[in-house]
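Have a look at the fold, then read on.

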Amino acid sequence: MNIINIYTGLLFSPQQAFAQALRLKVITLFFPLAAALVITALLNTYYYAAVDMPWLLERMVADIPDDQKQTVLDSLSKGRLLGISLVGVVFLTVSINLFRAFIYWFVLKVKGEAQRFVRLFAIVMWSTAPLLLILPAGMLNIYLSAGQALLPNDVNPVSLNQLFFKLSGDSDWGQLLSTFSLINIWEIFLIIIGLKLATSLSIKQSFAIALVPELVIYGLWITTLLL
């Protein structure tokens, strides 16, 4: 199987595709990493090309004192907002997935199941394959929302917020619930498979370890919102 077939195969035959992915040289992890960056960047680019910019800018400065609003508005433009979002895509994609890999590396080391960090990072990155489905789903959501209010956090149509809670995308809880979606659950499922194949852990142990980074990230986030 070539790299592209492995990547798409993770959506339909994850056990077989992951077994193939883990036999590849670790440097191939840059393919799913690049794919994750490109997919998210394309979605952001389409969003800023389609969104009602006057409405978005007004929403962004809604809580700023009136005497400062115009100064802030003058500093913002579609190009600048897109540039900021693309930098954010790179930073968040790399840093969050490095954090996940570090947590797995640390937990496995404590359990006596030490693995190379780059191998665990590869597992994390190959598990982002479900992002392939976010691109068409998100673009369709943006297209269907043409002429309507759509915040950046509302682009993902399968986030917990969009599916169940319907909170404002720029509210504290709305932002949190917008970052976790059915795609995240699918990614965790793939990480479980990857950990099971790479170690001697049972499915239950792999499941428990796969959840640790999410529990840390969202646990800290929820704690700050409750304080």
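Asp170 and Arg59 form a salt bridge, with their closest N and O atoms 2.9 Å apart. Asp170 sits in the loop between α9 (160-165) and α10 (172-178) while Arg59 belongs to helix α4 (residues 53-60), so the pair ties together parts that are 111 residues apart in sequence. A salt bridge here means a side-chain nitrogen of Lys or Arg within 4 Å of a carboxyl oxygen of Asp or Glu. Helices are DSSP runs (H or I, at least four residues), numbered from the N terminus.

A word on the ground rules: this is a predicted model, where local features need pLDDT of at least 70 and side-chain atom pairs count only at pLDDT 80 or more, while totals for chains, interfaces and linings use all residues. Residues are numbered from 1 along each chain as its sequence is written, and side-chain values use heavy atoms, leaving out hydrogens and water.

The count by this rule comes to three salt bridges:

| Pair | Closest N and O atoms |
|---|---|
| Asp170 and Arg59 | 2.9 Å |
| Lys69 and Asp66 | 3.5 Å |
| Arg100 and Glu214 | 2.7 Å |

As for burial (buried is under 20% relative accessible area, exposed over 50%, partly exposed in between, with a 1.4 Å probe and protein chains only), Asp170 is partly exposed at 35%, and Arg59 is partly exposed at 32%. Lys69 counts as buried at 18%, whereas Asp66 is exposed at 65%. Lys69 and Asp66 are three residues apart in helix α5 (residues 66-75), about one helical turn.

Then there's Arg100, whose salt bridge is with Glu214. Arg100 lies in helix α6 (residues 78-110) and Glu214 in helix α12 (residues 203-226), so this pair ties together parts 114 residues apart in sequence. Both Arg100 and Glu214 are buried.

Beyond its neighbours within four places in sequence, Glu187 is in contact (heavy atoms within 4.5 Å) with Ser127, Thr128, Pro130 and Leu131.

Note on methods. Helix = DSSP H or I, 4+ residues; strand = E, 2+ residues; numbered from the N terminus.
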